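Here is a short report on aromatic pairs and nonpolar cores. Please look over the sequence and the model before reading on.

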Amino acid sequence: MSMVKIDPVGTGENGYAWRLLAAASDAAGIPVADFVIAHATRAATDVLADRRLFCLSTEQEDSLGALVAKPPRLPAGLASLLQTAGHGSGAHGFDDIETLASHHRCSAFDCGSLPTTTWLREQALAAARSGRNRVRVIRRGSGDDVAGYYALSSGSLVGDGGQTPVLIISRVGVDLADRHRGVGRVLVADALRQAAYAAGPAHTPILIIHVEDASAREWCRKLKIFSGSPSDPYHLLLRVCDLRLAIPS
């Protein structure tokens, strides 16, 4: 591992980097160390959420293979989630979920996570238009203000035995003003339906939901749908064969 030493009084590239960080942190009104940690954490969160290729050790690959080989089983909370969420928005005071478009207002959206908030505001539309992600939003009332969103993409788990295609719910965010109103459940239910359709004839065996932190992991576990992943601590899994018991192809 290489380490870059920054000379705060130097005239080279590192000296410029230090002065730039010092000026930016001063403008933000926080110490340089806090500024660097905050922005590095945001970048790290984006890197983890944007991964599409996941390399497995032999042990992880064996664990995953054993999981996939088990007979289909309806997860305890799946039918309940799909029933309460319905096929529309399922949340009082919100419009139906729809694909993100240019008319949706995202500038005021704030889910409490800077990376998840910023991605919707600055990158989501371009990612959706490029086909890298399927981005779906739920609007507040009859207006265009976004109350919540999720992003769905595809990827692969790679081991000695080859590649296993997966679908990935890489981001889920609900505006702070709309917490505890059922929006998160509605978004996840819609993501599961979209994943069931997207898996289609390719027979993608696994759906991954990426969780940003321990709080998000605990919320997902309470749905009683997802199980732990042998591949990554930031992932929870749902087998598509189990999903199809509630959402036939």
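Which residues do ring pairs link into a cluster? They are Phe109, Trp119 and Tyr149. The model is predicted.

## Aromatic pairs

A search of the whole structure gives two aromatic pairs. In one, the ring centres of Phe109 and Tyr149 are 5.8 Å apart and the planes meet at 75°, so this pair is edge-to-face. It links distant parts of the chain, 40 residues apart. Phe109 sits in the loop between strand S2 (94-99) and helix H5 (114-122). Tyr149 belongs to strand S4 (residues 146-159). Phe109 has 1% relative accessibility and counts as buried. Tyr149 has 0% and counts as buried too.

Trp119 and Tyr149 form a stacked pair. Their centres are 6.0 Å apart, with 15° between the planes. Trp119 lies in helix H5 and Tyr149 in strand S4, so the pair ties together parts 30 residues apart in sequence. Both Trp119 and Tyr149 are buried.

## Nonpolar cores

The largest nonpolar core has 34 residues. Those with the most contacts inside it are Ile138, Leu192, Leu207, Ile225, Phe226 and Leu243. Several elements each supply at least two residues of this core, among them helix H4 (78-85), strand S5 (162-174) and helix H7 (183-199). The largest share, 10 residues, comes from H7.

Take Leu243. Leaving aside neighbours within four places in sequence, Leu243 is in contact with Leu78, Leu192, Ala195, Ala196 and Leu238.

Methods:
Residues numbered from 1 in each chain as written. Predicted model: local features only at pLDDT ≥ 70, side-chain atom pairs only at ≥ 80, totals over all residues. Heavy atoms only, no water. Phe/Tyr/Trp six-rings, centres within 6.5 Å; stacked < 30°, edge-to-face > 60°. Helix = DSSP H or I, 4+ residues; strand = E, 2+ residues; numbered from the N terminus. Buried < 20%, exposed > 50% of the residue type's maximum accessible area, 1.4 Å probe, protein only. Core = buried A, V, L, I, M, F, W, Y, C linked by side-chain atoms within 4.5 Å. Contact = heavy atoms within 4.5 Å.
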